[in-house]
Amino acid sequence: MLAETERVARELARTLRLGDVVYLIGEMGTGKTTFTQFVARELGVADYVNSPTFTLINEYLVKDYAFVHIDL
């Protein structure tokens with residue numbers, strides 16, 4: 001299942017363009033952050049991507065744009 005999650009995340013990442021917004025909806029522990037980690041890695045984020053549950057917003061710089069992970 002983890003390999004499938006990674007595959008789908010990589011496929012999604014390859015379709016994203018600057019300014020796109022992706023909403024992941026699910027209960028705690030369903031894999032939203034894991035999915036986000038795979039997307040971020042595919043987009044070139046070098047930092048560890050963790051859950052923004054307690055910080056609300058995590059921002060990672062990639063080349064000339066920011067990858068933003070928000071908990072709403």
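Student: I'm starting with A13, which sits in helix α1. Is A13 buried or exposed?

Tutor: Keep in mind that this is a predicted model. The relative accessible area of A13 comes out at 4%. Anything under 20% goes down as buried, so A13 is buried.

Student: Which residues is A13 in contact with, leaving aside its neighbours within four places in sequence?

Tutor: Start with the setting: A13 belongs to helix α1, and it is one of the α1 residues that make the contact with α2. Once the neighbours within four places are set aside, the partners of A13 are V39, E42 and L43.

Student: Is the crossing of α1 past α2 left-handed or right-handed?

Tutor: As for the hand, α1 passes α2 in a crossing that is right-handed.

Student: On to the core. Which of its residues touch the most other members?

Tutor: In soluble globular proteins, nonpolar side chains tend to be buried together. Here the largest nonpolar core has 13 residues. The members that touch the most others are V39, L43, V45 and F67.

Student: Which element gives the most to this core?

Tutor: Two or more core residues come from each of α1 (2–15), α2 (32–43) and β1 (57–62). One of them supplies five residues, the top contribution, and that is α2.

Student: Which residues does V39 contact, beyond its neighbours within four places in sequence?

Tutor: Leaving aside neighbours within four places, its partners are A9, L12, A13, L16 and F67.

Student: Which backbone oxygen does the T36 side chain reach?

Tutor: T36 is in helix α2, and it counts as buried at 9% relative accessibility. Away from residues up to four places off in sequence, it touches L24, V49, F67 and H69. Its side chain also comes to 2.8 Å from a backbone oxygen, the one of K32.

Student: How about H69, whose side chain reaches a backbone oxygen at 3.3 Å: which residue does that oxygen belong to?

Tutor: H69 is part of strand β2 (residues 65–70) and is buried at 10% relative accessible area. Not counting residues up to four places away, the ones it touches include T33, T36, V49 and Y60. The oxygen at 3.3 Å belongs to N50.

Student: What phi does L56 have?

Tutor: L56 is in the loop between α2 and β1, where it is partly exposed at 48%. Its phi is positive even though the residue is not glycine, at a value near 75 degrees.

Student: And what is the phi of K63?

Tutor: K63 is in the loop between β1 and β2, and it is exposed, with 82% relative accessible area. This residue isn't a glycine, yet its phi is positive, at about 50 degrees.

Student: Last one: how far apart in space are L18 and Y65, C-alpha to C-alpha?

Tutor: L18 is in the loop between α1 and α2. At 72% relative accessibility it is over the 50% cut-off, so L18 counts as exposed. It is 47 residues from Y65 in sequence, and the C-alpha distance is 7.9 Å.

Conventions:
Residues are numbered from 1 along each chain as its sequence is written. This is a predicted model: local features need pLDDT of at least 70, side-chain atom pairs count only at pLDDT 80 or more; totals for chains, interfaces and linings use all residues. Side-chain values use heavy atoms; hydrogens and water are left out. A nonpolar core is a set of buried Ala, Val, Leu, Ile, Met, Phe, Trp, Tyr and Cys residues joined through side-chain atoms within 4.5 Å. Buried means under 20% relative accessible area, exposed over 50%, partly exposed in between (1.4 Å probe, protein chains only). Helices (H or I, at least four residues) and strands (E, at least two) are DSSP runs, numbered from the N terminus. Contact means heavy atoms within 4.5 Å. A polar contact is a pair of N or O atoms within 3.5 Å; within protein, one must be able to donate a hydrogen and the other to accept it, and residues adjacent in sequence count only if both atoms are side-chain atoms. A crossing is left-handed if the near helix is turned anticlockwise from the far one by less than a right angle, and right-handed if clockwise.
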